[in-house]
Amino acid sequence: MQIVGLVIAALIAAADQALKYYIVTNYRFGEVHDVMPGLFSFTYIQNNGAAWNILSGKMWFFYVVSSVAITVVLYYYFNKKYSHWMFKSGLVLVLGGIIGNLIDRLHLKYVIDMIQLDFVQFNIFNLADAAITVGVILIFSYLLFIERED
């Protein structure tokens, strides 16, 4: 059954890469298109750092952090002690997101971002970032509210 989670992580990374490919082939850098007016739009940008472009240009740092994070996620994913669906789902989302952004960093030396929330002032992000965020929320929710019961 654990193979299903790895397939889902691969599908998350593939969906992230497919959307990035669509953006790169159909948008000019900096170009903005409303997807759902007032809700969100696509804005093609390139980010060679982390959120808010911190550590800009420090690719070696991101390679190391991504490699360590993938190792830690896989350790917990295959550890029989952690079998709750919420924890495992969070790990799968985080793994898929890390891989999606790592592919960009290795291939392009930057990450392609495109999703802009128009109703709030927030960073432009991508599907991999969204998967990581939701995954971390699931992991922390498990650790805070459920782990004690398991």
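Along the sequence, the protein chain follows the pattern α-β-β-α-α-β-α, and its secondary structure comes to four helices and three strands. Helices (H or I, at least four residues) and strands (E, at least two) are DSSP runs, numbered from the N terminus. This is a predicted model, in which local features need pLDDT of at least 70 and side-chain atom pairs count only at pLDDT 80 or more, while totals for chains, interfaces and linings use all residues. Residues are numbered from 1 along each chain as its sequence is written, and side-chain values use heavy atoms, with hydrogens and water left out.

**Overall form**

The C-alpha atoms of the protein chain fill a box of roughly 50 × 35 × 25 Å along the principal axes. Of the 150 residues, 37% count as buried, where buried means under 20% relative accessible area, exposed over 50%, and partly exposed in between (1.4 Å probe, protein chains only). Among contacts with a separation of 6 or more, 63% come from residues 24 or more positions apart; contact means heavy atoms within 4.5 Å.

**Salt bridges**

The structure holds three salt bridges, each defined as a side-chain nitrogen of Lys or Arg within 4 Å of a carboxyl oxygen of Asp or Glu.

| Pair | Distance, N to O |
|---|---|
| D16 and K20 | 2.7 Å |
| K20 and D104 | 2.9 Å |
| E31 and R28 | 3.8 Å |

D16 and K20 both lie in helix α1 (residues 2–26), four residues apart, about one turn of the helix. Both of these residues, D16 and K20, are buried. The side chain of K20 also meets that of D104 in a salt bridge. This pair links distant parts of the chain, with K20 in helix α1 and D104 in helix α3, 84 residues apart. D104 is buried, as is K20.

In the pair of E31 and R28, E31 is buried, with a relative accessible area of 17%, whereas R28 is exposed, at 62%. Salt bridges that share partners join D16, K20 and D104 into one network.

**A loop residue**

K109 lies in the loop between α3 (85–108) and β3 (111–117). Its phi is near 70°, a positive value in a residue other than glycine. K109 is partly exposed, with a relative accessible area of 45%.
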